[in-house]
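The stops below go from one selection to the next.

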Amino acid sequence: MAVLETAAHLHAAWWENESIRTLFDSEDHTESAANLVQTLFQQAWPRFIANADVKVPENTRRFGAYLTEHLSTLSSCFDNTPQTLTHGDFRLDNMLFDKRGADLRCWLIDWEDIGFGSAAYDVAWFIGGCLDINTSSEEEKLLRAYHEQLVRQGVRNYVWAEFQRDYRYAMSDAFVQGILMATTDKADSTYHTQLAQVIGRRFIHACERLHLHQLIEAD
């Protein structure tokens, strides 16, 4: 919970901040970056399917195949959602912890992927890629705790149903990044192989748990 509390504090502090929005708008390379991610995912998805150490369910296979050509379609669903400062690589490798008494504190490091976008992306990347979530009820408990913290920090007009919707779309983006991370060559092959297997399993599970394939059924 400490991690999601930290996320809520970060996101609430910069929620819909026009000064920050202007800063990122002035350095906007969104289209070229999106095209690069699309190309990389087209290459990565077949490798992931070929090397997966677990059976990839048909719904996840279909969803991944769709994303090889249509990443921008799902990403565009964020166009009208509230925007805030995001860490962009919100995972345990980029966090430091300190426990004093009953309080657990969390600090974020490595701000290389900082951006201005949907808060749900940081939450999705953390839950989808870093936690071993077995049931949707566990996931909902974490999401509700995060959303309640946002409200306590002063965020208004962002109701639970909107956050749920944004979280599913954000998990689609996180799914893509997870697959890219799981298929990138690293020097330490033993460590990377184990990491790739864990990340792959977690994002497959997230895809199934959230029924992400339903997002593309209209297409």
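Start by selecting Leu142, which sits in helix H6; helices here are DSSP runs of H or I with at least four residues, strands are runs of E with at least two, and both are numbered from the N terminus. The model is predicted, so local features need pLDDT of at least 70 and side-chain atom pairs count only at pLDDT 80 or more, while totals for chains, interfaces and linings use all residues. Residues are numbered from 1 along each chain as its sequence is written, and side-chain values use heavy atoms, with hydrogens and water left out.

Is Leu142 buried or exposed? Leu142 counts as buried, at 14% relative accessibility. The classes are buried under 20% relative accessible area, exposed over 50% and partly exposed in between, computed with a 1.4 Å probe on protein chains only. Now show what surrounds this side chain: leaving aside residues up to four places away in sequence, Leu142 touches Met1, Leu4, Ile127, Leu131 and Ile133, where contact means heavy atoms within 4.5 Å. For a distance check, pick Asn59: its C-alpha atom is 25 Å from that of Leu142, and the two residues are 83 apart along the chain.

Stay in helix H6, residues 136–152, and select Glu140 and Arg144, which are four residues apart, about one helical turn. These two form a salt bridge, with the closest N and O atoms 2.9 Å apart. The term requires a side-chain nitrogen of Lys or Arg within 4 Å of a carboxyl oxygen of Asp or Glu. By this rule there are eight salt bridges. Glu140 is partly exposed at 34% relative accessibility, and Arg144 is also partly exposed, at 34%.

A network comes next: Glu16, Glu18 and Arg21 are joined by salt bridges that share partners. Within it, select Glu18 and Arg21, whose side chains meet in a salt bridge of 3.2 Å, N to O. Both residues belong to helix H2 (residues 18–25) and lie three residues apart, about one turn of the helix. Glu18 is partly exposed, with a relative accessible area of 47%.

For the last stop, select Asp53 and Arg201. Their salt bridge has its closest N and O atoms 2.7 Å apart. This pair links distant parts of the chain, 148 residues apart: Asp53 is in the loop between helix H3 (30–51) and helix H4 (58–75), and Arg201 is in helix H8 (residues 189–209). Asp53 is partly exposed at 39% relative accessible area, and Arg201 is partly exposed at 34%.
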